[in-house]
Amino acid sequence: MAEQKGQSSNFQYKTKMETFNGVELETIYRKTKIPVPVEEGFDFAKLEGLAATAHGFAAPFNQRTYETEDGLICEQDVPVKMRDGTTIYTDIFRPKDKTDIPCLISWSMFGKRPGEAMSEWQIMGVPPGTVSTMAKFESADPGYWCHHGYAVANVDPRGVGYSEGDVSMFGTQDAEDGYDFIEWLAKQWWCNGKIGMAGNSCVAMTQWRIAAQQPPSLKCIAPWEGTTCTYSESLYEGGIPALSFNQFIIGSLTGLNYVDDQAAMAHKYPFFNEYWADKVPDLTKIRIPTYVAASWSHFHLRGTVNGFRKTRSTKKWIRFHREFEWPDAYHNDNIEDLRKFYDRYLKNIHNGWEQTPRVRLEVMDAHDYDFQKNRPEREFPLARTQYQKLYLDASKGGLSQNPVEKAAKVSYESETGLVNFDFKFEETTELTGFMKLRMFVEADGHDDMDMFINIQKLDENGEWIPTSVLGEPHPGTWGKMRVSRRALDEKRSTDFQPIQAHQKDEKLSPGEIVPVDVEIVPISRIWHKGQQLRIQISGRYIREGWFEPLRWDTDNKGNHIIHAGGEYESFLQIPVIPPKYQAGDYVYR
C-alpha cells in the first residue's frame with residue numbers, strides 16, 4: 001500500500017492492490033473529510049447547495065439512548081462488528097416499549113444524522129417540516145415509520161463517519177457488510193426478524209447490491225431511483241466521461257480514513273473491467289418482493305428500469321412518474337402506498353397489496369400536467385408496443401415515415417451548434433418504452449464526436465413544450481454517444497435497446513462515415529394531433545441553471561456531419577402504444 005499526494009495539495013491518496021473476480025488490480029483511495037462537529041463553530045454560510053451540507057458533515061459521536069420525541073427512542077452510535085472484525089456504527093430509532101417489530105435500513109455513505117449536523121434540514125422540492133431531523137438523507141423518516149410500528153436503522157457503513165475502515169463505494173465489500181448488518185439486526189431482542197430496506201438514489205443503489213447477496217432476514221426492498229451500473233449510467237453514459245458529479249460526492253464525504261475514488265479510477269481504467277464489474281449487482285439473485293419507483297426525468301432512470309426488468313422476483317412492482325425523486329419519495333400518497341407494501345411483507349398483514357398493478361405509468365403531457373397518472377399495466381416494455389421508424393431527412397431537417405430516397409447531409413459546429421429533425425403527428429399518439437436512434441455520422445476536423453440527443457415535444461406552431469421538474473423545464477428524453485465508443489455488446493443488446501461494450505476506442509479517419517446506434521432512455525408521453533416530435537442533436541448538454549453539478553468532459557472540435565437518406569438509412573425507432581380500446585371517436589388508453 002502506498003500513500004501519495006494528489007494533483008491538488010488539498011487531496012491525499014493511497015493505493016491498494018485488490019482482487020476483483022480473480023483479477024488483481026491497483027485501486028486508488030482518497031482521504032475523506034474529518035467529521036466536523038457543529039459545536040466547533042463551522043460557518044454554514046460557506047456552503048453552496050443543499051447536497052454539500054447533507055453529505056459533508058457527521059454529527060458528533062455520542063453513544064447513548066434517549067427519547068427523541070413522545071414515544072420514540074434512539075439508540076445512538078451502536079457498534080456492529082463485520083465478519084472481518086471491522087466495527088461500523090448505526091443509529092436505531094424505534095417506538096418505545098414495543099417489541100416484535102420489523103426494521104427498515106437506510107444504507108449509504110451519507111451521514112446518518114444530517115439533521116443534527118446542519119443548521120437547516122430541508123430537501124429541495126419538499127416543504128419545510130415534511131421530513132423530521134431524524135431522517136437520513138434520501139431515506140425512510142423515523143418521524144413517520146416509528147409511529148406505524150417500525151424501527152429505522154440509519155447506518156454509517158465502513159469508512160463513513162466514525163465507522164472503521166475505508167469506504168467501498170457500491171462494491172462487493174459494501175454489499176457483504178450489508179449482509180452482516182442485516183443478520184445482526186434481525187437478532188436484536190425487539191425485532192421480529194424481518195428486515196426491509198428503504199430509500200432513494202444512493203440509498204436505492206445499495207439495496208440492489210445488498211439484496212443480491214441474499215441475506216436470509218432481508219424480506220423486501222424498495223429501491224426508488226437507483227442506478228445499477230455506475231460506469232455506464234453515470235461515469236461514462238454513452239461513453240462520454242462525466243466525472244465532476246462523482247468528484248463532488250467523493251469530496252463531500254466524511255470519515256476517519258479513505259474512500260474508493262471512482263473518478264480517479266475512471267482515469268486509470270477508462271474501459272469496463274473487473275473493477276467496474278464488481279460494482280454491478282447480479283440482479284438475477286434478487287428473489288424477494290421489490291417495489292421500484294422510476295422518474296422519467298432523472299439520470300437514475302436507465303438503471304432503475306434495468307433493475308426492475310432483471311430481478312428474478314415473482315413479486316415485483318414499478319411505478320413511473322415525472323417529478324424529481326425527493327418530492328415523489330416524501331409525498332404523502334406515495335408514503336402510504338409504500339407502507340402497504342412493507343406491512344404485507346414485514347408484518348404479514350393481508351391488505352390486498354398483491355392486487356397492486358405490477359406496472360403503473362404516469363404518461364407525461366405538458367409542463368406539470370400529466371395525461372394519465374398511475375395507469376395500470378402488466379409489464380414493461382408493454383406487450384402491445386408497435387415499434388415504428390421515423391427516417392431522418394437531412395435535406396429538410398425533418399422526419400418521414402418512409403425511407404428517404406436521396407442521400408443528403410447536415411452539419412453543426414460541434415461545440416456551440418445543434419440541428420433539429422421534426423415530425424408532425426397526424427393523429428394523437430402515445431410513445432411509451434425504449435427508443436433508439438441510428439445515424440450515419442462523420443467528424444470534420446477531428447477524430448471523435450460527442451453527441452447529446454434530446455427527444456422533445458412541440459406545439460402546432462413549432463414552440464417547445466417542456467415537462468416540468470422541480471418547477472424547471474426538462475430538456476427532454478435523452479441519449480448520449482461518444483462515437484469512438486460506438487461498438488455494441490452484441491450479447492446484451494436488443495432490437496429496441498442498443499448497449500455499448502466500452503472495451504475500446506475506434507477513432508475516426510478524415511472523411512470516414514460510420515453508423516452509430518444511440519440508446520435513448522425510456523419515455524412515456526402523449527403527442528396530441530398536430531403536435532410535433534423533435535430530435536435535438538448537439539455536441540453539448542443543453543440545460544441552464546440546474547442545481548446538480550452535471551458536466552461532461554467532451555472531446556469536440558470542428559463540425560459534426562449527419563448523413564441521412566439513400567444508402568445512409570438514419571432513423572429514430574419509436575415505441576407507439578395503441579389504445580387499449582377504441583370504438584369510433586371513443587378512445588380508452
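Visitor: In this predicted model, are R319 and D328 buried or exposed?
Guide: Buried means under 20% relative accessible area. R319 and D328 both fall in that class. For each of the two, the answer is buried.

Visitor: How far apart are the closest N and O atoms of R319 and D328?
Guide: Side chains of opposite charge can pair when their charged atoms come close. R319 and D328 form a salt bridge. The distance between their closest N and O atoms is 2.9 Å.

Visitor: How many salt bridges does the structure hold?
Guide: A salt bridge needs a side-chain nitrogen of Lys or Arg within 4 Å of a carboxyl oxygen of Asp or Glu. The number of salt bridges in the structure is 39.

Visitor: Which residue does the side chain of R113 meet in a salt bridge, and how many residues apart in sequence are the parts that the pair ties together?
Guide: The N to O distance is 2.7 Å, and the partner of R113 is D91. R113 lies in the loop between β7 (101-107) and α2 (114-117), whereas D91 is in strand β6 (residues 87-95), so the separation in sequence is 22 residues.

Visitor: Is D91 buried or exposed?
Guide: The cut-off for buried is under 20% relative accessible area. D91 has a relative accessible area of 0%, so it belongs below that cut-off. The word for D91 is buried.

Visitor: How many residues apart are R302 and E519?
Guide: The side chains of R302 and E519 meet in a salt bridge of 2.8 Å, N to O. R302 sits in helix α10 (residues 301-310) and E519 in strand β25 (residues 514-527), so the pair links distant parts of the chain. R302 has a relative accessible area of 15% and is buried; E519, with 16%, is buried as well. The separation of R302 and E519 is 217 residues.

Visitor: How many of the residues of α10 are buried?
Guide: The buried residues of α10 include L301, R302 and F308. The helix has 10 residues, and it is largely enclosed by the rest of the structure because the number buried is 7.

Visitor: Which residues of α7 are buried?
Guide: Helix α7 spans residues 244-252 and is mostly covered, with 7 of its 9 residues buried. The buried residues of α7 are S244, F245, N246, I249, I250, G251 and S252.

Visitor: Which residues are linked with R375 in a network of salt bridges?
Guide: The network contains residues of both charges, and a pair needs one of each. Besides R375, its members are E377, R384, E430, K580 and R589.

Visitor: What is the radius of gyration of the protein?
Guide: The protein has 12 helices and 30 strands. For 589 residues the globule rule gives 25 Å, and the protein comes close to that, so it is as compact as a globular protein of that length. Its radius of gyration is 25 Å.

Visitor: What percentage of the residues in the protein are buried?
Guide: The protein exposes about 23300 Å², of which carbon and sulfur atoms supply 46%. Of its 589 residues, the buried share is 61%.

Key: Residues numbered from 1 in each chain as written. Predicted model: local features only at pLDDT ≥ 70, side-chain atom pairs only at ≥ 80, totals over all residues. Heavy atoms only, no water. Helix = DSSP H or I, 4+ residues; strand = E, 2+ residues; numbered from the N terminus. Rg over C-alpha atoms; globule rule 2.2 N^0.38 Å. Buried < 20%, exposed > 50% of the residue type's maximum accessible area, 1.4 Å probe, protein only. Areas by Shrake-Rupley, 256 points an atom, 1.4 Å probe, with all protein chains shown as cover.
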